[in-house]
Structures are given as C-alpha cells and as structure tokens.
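Let's walk through a model together, one question at a time. Have a look at the structure first, and then we can start with a pair of helices.

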Amino acid sequence: MTAADGPAVLRADNVGVVVDGRALVWNVSLEVAPGEVVALVGPNGAGKSTLLRTFYRALRPTSGRVTLDGEDVWRMTGRRLARRLAAVLQEAPGEFELTAYDVAAMGRTPCKRAFQGDDSEDRRIVMGALGTLDVAGLAHAPFDRLSGGEKQRVLIARALAQRTGTMVLDEPTNHLDLRHQLDALRLVRRLGVTAVVALHDLNLAAAFCDRICVMDAGRLVAAGPPAQVLTADLLAEVYRVDAEVGPHPHTGVPQISVLPGDLT
Amino acid sequence: MTKIATSRPPVVTAAGGRGRVPYTLVLAALAVAVTMAATAGIAVGSVRLPLGEVWAILLHRLYAPLAEPTWTPVRETIVMDVRVPRILLCGVVGAGLSVCGMALQALVRNPLADPMLLGVSSGATVGAVVVMVFNVSLIGAFTLPLAAFAGAFLALVLVYFLARAGGRMTTVRLVLSGVATAEVLSAVAGYLIITSGDPRKTESALRWMLGGLAGTTWDLVWIPAAAVLLGTGVLLGLSRPLNLLLAGEEAAAALGLNVHRFRGALFALVALMIGTIVAVSGSIGFVGLMLPHVVRLLVGADHRRGLPAVALLGAAFLVAADLAARSVITPEEIPIGILTALTGGPFFLWLMRRGAAR
C-alpha cells in the first residue's frame with residue numbers, strides 16, 4: 001500500500017479554455033497552498049466546472065498550464081495524477097448493477113496494477129470511506145436506487161478512498177440535506193487536504209473556506225478571504241442581486257442575505 | 001444517529017450483494033453446466049452414444065490407460081473428428097460472444113449493446129456472401145472464414161475512423177457509426193444475394209447469416225479458440241479500467257484512465273475478436289446481449305468477477321443451443337441464430353419490463 005501523498009500546491013497559470021471560438025475560461029491564475037481550502041463561486045456558466053476539469057485531466061487547457069507541486073498535470077500519466085489528486089464530480093454511474101461499494105472501490109484503481117486483486121487493506125479503506133460519509137449501511141445496495149444525497153456521499157467516499165493529498169470538488173453539496181452539507185465540508189477541512197471546491201452556497205463557502213475565488217464569464221474577478229471578497233457591491237456586479245452582507249453575530253463569518261427586490 | 005439503513009425497504013438489501021450466491025459456487029455451477037452441455041452435445045446426434053462411452057473415449061484419447069477401448073473405431077471417429085471440434089467451437093463462440101458483449105456494454109456504457117451492433121458482423125456477412133455468390137475458392141476451406149474476417153476487419157476500420165474525431169471517441173458516435181455501417185453493409189449483402197439468381201446460393205447465404213456450426217473440422221477450431229482465449233485474458237487484465245468506464249467519461253479520467261485512447265484500443269480488440277468469431281459461426285445474435293445481463297444479476301457488475309463467469313455461461317448456453325438446433329427437427333438442422341433470437345427476444349422484453357417496474 002502506497003502511503004498517501006501529502007497536500008500539494010495546486011497552481012493554475014494563465015489557464016484558458018477556448019471551445020469553438022468561445023472562451024469558457026480566460027487567463028485564470030490561482031495558487032492553492034498545501035492544506036488550503038479554496039471555494040470557487042460564481043453564477044451559472046461562469047466557467048467553474050470547466051476550470052476544475054482542467055485540474056483533473058478531463059479537459060486540456062488551450063492555453064496556460066496546471067501544476068501540482070510544480071509538475072504539469074498534463075505531462076504526467078493519468079494514473080500518477082489520480083494517486084495525488086481526487087475529484088468529486090457531478091457525473092454518476094447508472095444502468096449497470098453496481099453497488100455503492102463497487103462505486104466507492106473504484107477509488108482504489110489508481111493504486112492497482114492489472115490482475116492485482118483487492119486486499120483486506122483496500123476493503124478497509126473503502127468501507128472506512130463509506131463509513132465516514134455515513135453510508136456504510138448501504139454498501140451492498142444498488143447504487144442506482146440510492147437517493148440523490150446518498151449517491152453524492154458515495155461519490156465523495158470514492159474520492160476519499162483514493163487517499164490523495166489534494167481534492168477537487170464540483171458542487172459536492174448538491175442534493176445533500178443541511179446536515180450532510182455541513183458534514184461534507186467539515187470533512188474536507190478535517191482531512192487537511194489541499195482543496196478547491198465549487199460551491200453555489202456563498203454562506204457555506206464563507207464558513208468553511210480559507211479563500212473565495214469568484215468567477216464571472218470565464219474570468220477570475222475576485223479572490224481573497226471571505227470577508228474581503230463577499231461584499232454587496234461584488235454580489236450586485238457578478239450575480240446581479242441586491243444583497244446585504246454582514247458578520248454573523250456569533251461566528252463573525254460574513255453572512256449574505258439576498259433581498260427579494262430587483263436590482264435597480 | 002442516522003436511521004438510513006434501517007428505514008429502507010427490505011428489497012434493497014435483498015437485491016444487493018449480501019443476498020447473492022457466493023462467487024466460487026457460481027463458477028463451479030457454471031463449470032458443471034459447461035461439462036454437462038458438452039457431454040450431451042457430443043452424445044446426441046444421428047448416432048446416439050451413451051454418455052459413459054463419450055467420457056471413456058475422451059479419457060482414452062487424453063491418456064490411453066484411463067479407459068479400455070470397448071467401442072467401435074467408427075464411434076471414436078464420430079466423437080473425435082465430428083462432434084468434439086463442433087462442440088469446442090460452439091463453446092469458444094459462445095464464450096467469445098458473451099465476453100465481447102460484456103466488454104462492449106462497458107465500452108458504450110449501455111447495457112443494451114450487442115456484438116452485432118458494431119457493424120463488424122455485417123462486414124463479415126458481406127465477405128462471406130461475396131465468396132458464396134461468386135464461387136471464390138482460393139484456399140479451400142479457409143476461403144469463406146478468411147473472406148468473412150476480411151469483411152469484418154474492413155468494417156472495423158470504417159467504424160473506428162467514423163467514430164473517432166480529433167482523438168476523441170464518444171459512445172454516441174461509436175453506436176451511430178456502428179449501426180449505420182451495419183445497415184449499409186447488410187444492404188450490400190442483401191443486394192448481392194438477391195441478384196445472384198441462384199436459389200442454392202441464396203439458401204447457403206441465408207443459412208450463413210443466421211449462424212451455424214455444421215461441418216466444423218479441427219482446422220477451423222484453433223484460430224478462433226486462440227483469439228477468444230487470448231482476448232479474454234487481455235480483457236481480464238483490463239477489468240479495472242473496464243469498471244471505470246461504467247463510472248462515466250469524466251470520472252474515469254479523474255481516476256487516471258486515458259478514456260479516449262482506452263476506448264479506441266478496446267474497440268479494436270473487441271471488434272477483432274468478434275470478427276474472428278463471426279467468420280466461423282455466422283452472426284449469432286442475442287448471446288452477447290443476454291448473457292452479460294444474467295451474469296451481472298448473479299455476480300454483480302465488477303468485470304473481474306463477471307468476465308470469467310460470462311465466458312463459462314456463454315459456452316454452456318451456446319453448446320446447449322447448438323444441441324437443440326441439431327435435435328429439434330432431425331435430421332434437419334435449424335440455424336442456431338434463429339434459436340438464440342427466439343430465446344433472446346422474449347428475454348429482452350422481460351428485462352425491459354422488469355426495468356420499467358423498478
């Protein structure tokens with residue numbers, strides 16, 4: 001069993017993605033320090049998922065580069081990257097008779113050679129990951145028939161089973177109820193991994209992330225600690241909503257209340 | 001704490017892995033099924049042999065002191081030169097089609113994919129029909145299978161390049177290119193048959209298209225047997241990446257798989273296997289569609305467990321189907337493809353209704 005790699009420095013250098021003449025991501029530079037949790041927020045179509053896809057080798061950037069501890073992720077093999085960086089995606093397996101365990105166990109693949117079986121250590125890691133996400137009881141249930149939130153937690157468990165020092169999470173709180181949203185983000189914090197998390201919920205982002213990066217129309221328009229970035233002006237400009245921002249009376253974390261009126 | 005596990009309806013755990021038969025037991029049962037089907041397949045025919053004699057002859061051939069020859073030499077010839085090669089080829093074809101079906105279903109990430117979907121078998125049909133209609137006989141008994149393989153190979157190349165654009169091979173494009181190529185090639189084969197104007201050629205072409213393993217000799221067994229054995233071995237080595245394909249394109253990439261390159265290589269491997277099989281058997285439908293389903297229900301979707309099981313089940317099923325094809329209306333022989341379609345069609349509908357009832 002290979003020991004888990006420590007948290008790495010994840011860097012994007014002037015990353016651009018142009019598809020059919022449309023710039024989905026343009027000139028994004030971003031550095032995430034080891035163990036830092038960065039939220040990626042922005043309106044629909046801002047390019048959050050596209051940027052993340054260049055991190056886990058699903059989409060090659062048309063310009064710029066993505067590095068992990070200085071090494072270009074597009075110059076290493078997929079296997080090598082998957083041992084150091086795990087991704088939680090929106091895409092879920094369907095149709096086939098996979099159990100929740102089968103899905104989570106895929107996370108062990110990057111550490112395995114052809115013809116190499118799963119040993120007790122692998123099973124322990126997979127069951128442990130399912131247990132952490134509160135779905136160990138569903139291990140042998142068909143993945144297809146789980147609820148949206150249960151599926152999401154199994155997919156997070158799969159990434160956990162990869163035992164990487166860096167994680168990329170695309171809307172990990174999707175479909176999750178309030179408690180499991182908190183659990184998922186608390187977990188990312190507790191793991192101590194370098195993480196980039198695309199989130200829609202700005203209050204969650206403010207509460208759990210060291211830094212918030214705001215994307216709009218493919219560009220990075222703001223980045224910094226939550227209290228600096230999340231301002232009424234920025235929300236008006238990027239999301240076109242009228243909002244009030246103020247520190248929470250107990251936690252001091254910036255809290256956003258969106259007002260129902262139209263922005264004038 | 002949470003009540004997730006206890007508040008579920010019991011059906012979930014019943015259908016899950018806990019309720020499954022142990023894997024080794026499934027494999028053992030399938031091995032027994034193959035042995036029984038093969039024994040029956042060798043015993044039944046125009047000359048009916050006692051089961052004990054079948055085994056005595058086989059054991060004697062394997063290692064002479066194992067059994068005292070009490071049978072006539074004619075019977076030994078029937079067993080060794082007529083029935084064994086046919087049964088062997090049957091098993092190889094059944095195993096090969098099932099394994100290819102399972103791999104293909106992962107490749108296009110659709111449990112309804114069938115080896116006949118790729119256009120490869122239609123290519124083989126065109127090759128075979130050309131030989132039959134124009135009476136080509138360059139290299140004796142090998143002419144037909146070789147021409148069929150050449151047709152299959154050309155179809156493979158065609159589908160491959162149609163499905164691949166800019167280094168990417170998407171499942172939708174693969175299915176569409178396969179289906180379109182199959183339609184066009186079937187039309188070509190149909191045209192050749194209709195315009196040949198010779199009812200005997202028409203009949204032999206039709207028989208070939210419906211599949212059959214009559215008149216199998218030892219010469220014809222080795223190449224497909226080697227191809228299926230080798231191909232299945234390689235696929236077993238690839239079963240982890242095959243599992244990843246089920247997770248979806250992005251997830252597979254995130255888990256370290258070079259999805260487009262792997263799909264291309266997998267398609268080439270599976271298509272070559274199918275081409276080799278179809279070249280000797282004609283197109284036999286539904287085997288590669290149906291049996292992977294049965295195996296997934298029995299042992300789950302993990303290819304490391306599924307591939308060996310489906311190979312055994314496929315071999316047993318096709319040997320049994322061939323036996324039925326030979327004995328239902330003796331001395332006539334029904335093309336085996338008719339039988340597999342007759343059992344496969346209703347199975348498919350059952351599966352569909354079962355899926356809808358979920």
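Q: Which residues in α9(B) meet α12(B), and which residues in α12(B) do they meet?
A: This is a predicted model: local features need pLDDT of at least 70, side-chain atom pairs count only at pLDDT 80 or more, and totals for chains, interfaces and linings use all residues. Residues are numbered from 1 along each chain as its sequence is written, with chains lettered from A and ligands numbered from 1 in the order in which they are written. Helices are DSSP runs (H or I, at least four residues) numbered from the N terminus, and a contact needs C-beta atoms, placed from the backbone, within 7 Å. On α9(B) the residues are B:Leu220, B:Ile223, B:Pro224, B:Ala227, B:Val228, B:Gly231 and B:Val234, and they meet B:Leu269, B:Met273, B:Thr276, B:Ile277 and B:Val280 in α12(B).

Q: How many residues in the contact of α9(B) with α12(B) are nonpolar, polar and charged?
A: Ala, Val, Leu, Ile, Met, Phe, Trp, Tyr, Cys and Pro count as nonpolar, Asp, Glu, Lys and Arg as charged, and the others, Gly among them, as polar. By that scheme, the contact has ten nonpolar, two polar and no charged residues.

Q: Is α9(B) roughly parallel or roughly antiparallel to α12(B)?
A: The axes (lines fitted to C-alpha atoms over the stretch in contact, with angles from 0 to 180 degrees between N-to-C directions) come within 10 Å and cross at roughly 155°. Angles over 145 degrees count as roughly antiparallel and those under 35 as roughly parallel, with 65 to 115 roughly perpendicular and the rest oblique. That makes the pair roughly antiparallel.

Notes: Helices (H or I, at least four residues) and strands (E, at least two) are DSSP runs, numbered from the N terminus. Two residues are in contact if their C-beta atoms, placed from the backbone, lie within 7 Å.
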